[in-house]
Each structure stands twice: as structure tokens, then as C-alpha cells.
Amino acid sequence: MAFVRSLLGAKKILGRSVTATASTSKRATMAAPPKGFLAVYVGESQKKRYVVPISYLSQPSFQALLSKSEEEFGFDHPMGGLTILCPEDAFINVTSRLQ
């Protein structure tokens, strides 16, 4: 039950999930993240946009996720933001523990 609550908490923090596309017009219409947050695009084939607190960047588990993504895929970001090429479930699992 505690796991479910933490997962729901992560979904609340990550709240604004939007399916991202490579379309320039779509990128132009997406709102900039609020101050203190950054947009990340998560997924292996279809990317979803998540807005996460900048404080996540200092968390070892989030850094490990970024490092693994960099090692496997590099840092080419055609979406215009930080791209993490991992299963969405793995991303939610890591971020749900960062509250």
C-alpha cells in the first residue's frame, strides 16, 4: 500500500505529462516549465514530457538514470529538452522515491 501511495505521489509531482512529438509547432506551443523545474522527455519509442523539480538533478538515483542514458544513447536531444531513453515505468519508479 505504501508503494501505491508513493507512486501516486510521484504522479502528482510529475503531473503534467504530455505526449511529446518531434513537430516544431508542437514544441512551440508547449509551456515552459515553471521556475525551479525542468522538462524531460522519457521513453524508448514514444516520448512523454514530464516536468520535474531541478532538485532531482542532485539526487544520486536520478543522476544514475541520466548517466546510464548517456552511456547507452548519448546526449542528442532532438526534442529540445533533456531526453531520458528508458522505460517510462523505470523513470516513475526512480522519481517516486525522490520526494
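Okay, ground rules. Residues are numbered from 1 along each chain as its sequence is written, and side-chain values use heavy atoms, with hydrogens and water left out. Since we're on a predicted model, local features need pLDDT of at least 70 and side-chain atom pairs count only at pLDDT 80 or more, while totals for chains, interfaces and linings use all residues.

So, the layout. We've got 4 helices and 4 strands, and from the N terminus they go α-β-α-β-β-α-β-α. Those are DSSP runs, numbered from the N terminus: helices are H or I with at least four residues, strands are E with at least two.

Of the 99 residues, 34% are buried, meaning under 20% relative accessible area with a 1.4 Å probe, protein chains only; exposed is over 50%, and partly exposed sits in between.

Take V42: beyond four places in sequence, its contacts (heavy atoms within 4.5 Å) include Y50, I84, P87 and F91.

Last stop, L57, in the loop between β3 and α3. Buried or partly exposed? Partly exposed, because its relative accessibility is 36%. Skipping residues up to four places away, L57 touches L38, F62, Q63 and L66.
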